[in-house]
Amino acid sequence: MGTPVRNSSNHEAAVQHPPGDIPPSRPRAPSRSRTSEWSPTSWRSRPDSQAVRYDDPAAVERIASRIEELPPLVSSWEVERFRSLVAEAQLGRRFLLQGGDCAETMRECRSETIVNKLDILLKMSLVLIVGGGKPVVRVGRFAGQYAKPRSRPTEVRGGIELPSYFGDLVNGSEFTPEARRPDPERMLACYHHAAMTLNFVRSLSAGGLSGLERPDRWDLSFSERTDLPAPVRECFQATTRQLEDALRCMDALGGAGSELSRVEFFTSHEALNLHYESAQTRAAPHRDEYYDLTAHMPWLGERTRSLDGAHVEFLRGISNPIGIKLGPSVTPVEVLRLLDTLNPTEIPGRIVLITRMGAERVDATLPPLLEVVKRAGRRVLWVCDPMHGNTITTSSGVKTREFAAIVREIDRTFDAHDACGTYLGGVHFELTGDHVTECIGGSVREEDLSHAYETVCDPRLNQSQALELSYCIARRMRAMRP
Ligand SMILES: O=C[C@H](O)[C@H](O)COP(=O)(O)O
Ligand SMILES: C=C(OP(=O)(O)O)C(=O)O
């Protein structure tokens with residue numbers, strides 16, 4: 001990592017850590033003195049393939065300075081705790097569940113939407129804990145997932161060409177010149193919406209599992225489907241019985257003390273708009289470490305992982321755990337170079353490699369990556385994102401994903417890890433707790449997509465599809481247990 005250049009305005013408040021919380025000294029962040037200088041703004045000298053073309057650069061600076069003064073959204077000690085959990089997951093002791101919107105919007109910063117999102121993530125995690133047999137680290141794609149990388153800078157509709165929608169942090173999704181104009185004020189508005197979301201998430205999480213409905217009220221009709229092979233159906237039904245027993249048992253114990261009664265959520269988003277990310281990047285008090293305090297886990301996207309690019313430069317200097325998306329075009333050598341650059345001193349819990357190959361390409365593309373990382377003895381957490389490699393467009397031009405392809409990618413990813421002797425330690429989904437019709441599968445057929453197609457970017461799993469997936473994953477985790 002580069003030598004950090006300190007700047008008096010970007011220090012996290014010098015407060016004491018809460019008693020009993022993770023002390024700041026472990027594990028130490030890498031010394032950054034070996035390579036070139038790093039600062040929260042050193043990314044500005046590097047190419048950024050997704051750079052936003054603002055027409056008022058002075059306004060961008062003004063807004064970024066304001067965000068710099070505002071309180072951080074998360075704290076460095078929460079990030080450290082998260083890192084310690086990721087480190088345990090890297091050793092096979094935990095499983096990470098990451099999920100939320102493709103593109104979070106300010107309009108959907110509503111209590112019902114947030115409650116539903118937490119509810120589905122909580123239910124899925126319960127299925128994985130009880131059915132899969134591992135403690136689960138819950139990570140939301142929320143409270144900051146407002147910026148989207150796009151394949152093309154502009155979009156054409158009816159012969160009119162406008163800038164693409166790059167997420168609410170940048171512009172509006174409506175197809176008008178006014179909405180699509182990048183507006184730096186949106187960074188501040190999104191900061192406020194992230195803060196409101198996080199505030200509500202924190203207060204809901206404090207209630208633990210107490211608000212969770214019992215499985216007998218969940219929609220588990222998928223587990224009765226006669227087209228499921230009998231052993232799968234039996235496994236699903238056994239998982240439901242186990243869940244009911246576990247919750248009854250927890251009630252009897254008063255909910256205290258068990259893994260099931262502790263509900264912790266961490267936040268994540270793609271660290272895409274570096275004006276926003278660097279404005280909230282602070283040095284921890286009395287330490288030579290910087291944290292991006294917009295989220296516990298920022299990630300590097302498939303479109304922004306170029307080794308000499310701005311995003312790699314920014315992420316190499318912060319101490320948060322970071323996700324790295326890996327698509328089918330990445331080479332084993334590139335992966336090793338990313339690890340050398342982003343984790344030169346092998347900090348436990350630092351790197352989460354999120355593979356998103358596409359169901360039909362996993363078998364050819366994943367094993368060489370697993371082998372090279374294993375042979376190099378690098379410590380990473382492998383996570384499967386079965387969404388981004390499986391996007392298709394219907395003949396009427398609607399972006400969707402097939403549930404069956406998503407399950408196939410997960411199954412093949414588990415197979416590849418089994419064959420290589422590596423641990424698949426997490427999954428990453430675009431999902432919502434609402435009853436949308438964006439992905440095909442279960443009760444949603446292609447002709448139903450228009451009923452409740454609400455995403456502003458890519459299609460998300462709905463509540464029942466997401467729940468069914470958690471059963472499929474639990475089944476594979478169970479098989480993987482010694
Ligand atoms: O979520 C991922 C990307 O932002 C999204 O798939 C890009 O979509 P596009 O190819 O329509 O730009
Ligand atoms: C853009 C995303 O994914 P990827 O970088 O893998 O395409 C995403 O997860 O929002």
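Student: Leaving out residues up to four places away in sequence, what does Glu302 touch?
Tutor: Glu302 touches Lys325, Gly327, Arg356 and His388. Contact here is C-beta atoms, placed from the backbone, within 7 Å of each other.

Student: What kind of model is this, and what pLDDT do local features need?
Tutor: It is a predicted model; local features need pLDDT of at least 70 and side-chain atom pairs count only at 80 or more, while totals for chains, interfaces and linings use all residues. Residues are numbered from 1 along each chain as its sequence is written, with chains lettered from A and ligands numbered from 1 in the order in which they are written.

Student: Where does Glu302 lie?
Tutor: Glu302 is in the loop joining β10 (297-300) to α8 (310-316). Helices (H or I, at least four residues) and strands (E, at least two) are DSSP runs numbered from the N terminus.

Student: Is Glu302 buried or partly exposed?
Tutor: Glu302 counts as partly exposed because it has 19 C-beta neighbours inside 10 Å. The cut-offs on other C-beta atoms within 10 Å are 20 or more for buried and 12 or fewer for exposed, with partly exposed in between.

Student: Which residues share its UniProt "binding site" annotation?
Tutor: The unreviewed UniProt entry covers Arg141, Glu302, Arg303, Lys325 and Arg356. Such annotations may be inferred rather than shown by experiment; feature names are shortened and positions follow the numbering used here.

Student: And Arg141, where is that one found?
Tutor: Arg141 is in strand β4 (residues 136-141). Arg141 is buried, having 27 other C-beta atoms within 10 Å. Beyond four places in sequence, Arg141 is in contact with Gln98, Gly99, Gly100, Asp101, Ser268 and His269.

Student: Ligands now. Which residues are around ligand 2?
Tutor: Around ligand 2 are Cys102, Pro149, Glu270, Gly301, Glu302, Arg303, Lys325, Arg356 and His388. The cut-off is a C-beta atom, placed from the backbone, within 6 Å of the molecule.

Student: What surrounds ligand 1?
Tutor: Cys102, Lys148, Pro149, Arg150, Ser151, His388, Cys457 and Asp458 do.

Student: UniProt has another "binding site" listing; which residues are in it?
Tutor: That listing, also from an unreviewed entry, names Cys102, His388, Glu430 and Asp458. They span 357 residues in sequence, but no two of their C-alpha atoms are more than 10.0 Å apart, so they gather at one spot.

Student: Take Glu430: buried or exposed?
Tutor: Glu430 is buried because it has 26 C-beta neighbours inside 10 Å. Its place is in strand β16 (residues 424-430). Excluding neighbours within four places in sequence, Glu430 is in contact with Asp101, Cys102, Met387, Asp458, Arg460 and Leu461.

Student: Where does Asp458 lie?
Tutor: Asp458 is in the loop between β16 and α12 (463-480). With 18 C-beta neighbours inside 10 Å, Asp458 counts as partly exposed. Residues up to four places away aside, Asp458 touches Cys102, Thr391, Lys399 and Glu430.

Student: Change of topic: how many residues of β12 are buried?
Tutor: In strand β12 (residues 351-355), 5 of its 5 residues are buried. Ile351, Leu353 and Thr355 point one way, and Val352 and Ile354 point the other way.

Student: In what sense do β11 and β12 pair?
Tutor: Strand β11 (residues 322-326) pairs with β12 in the parallel sense over 5 bridges; pairing takes at least two DSSP bridges. Gly323 stands opposite Val352 in β12.

Key. Contact = placed C-beta atoms within 7 Å.
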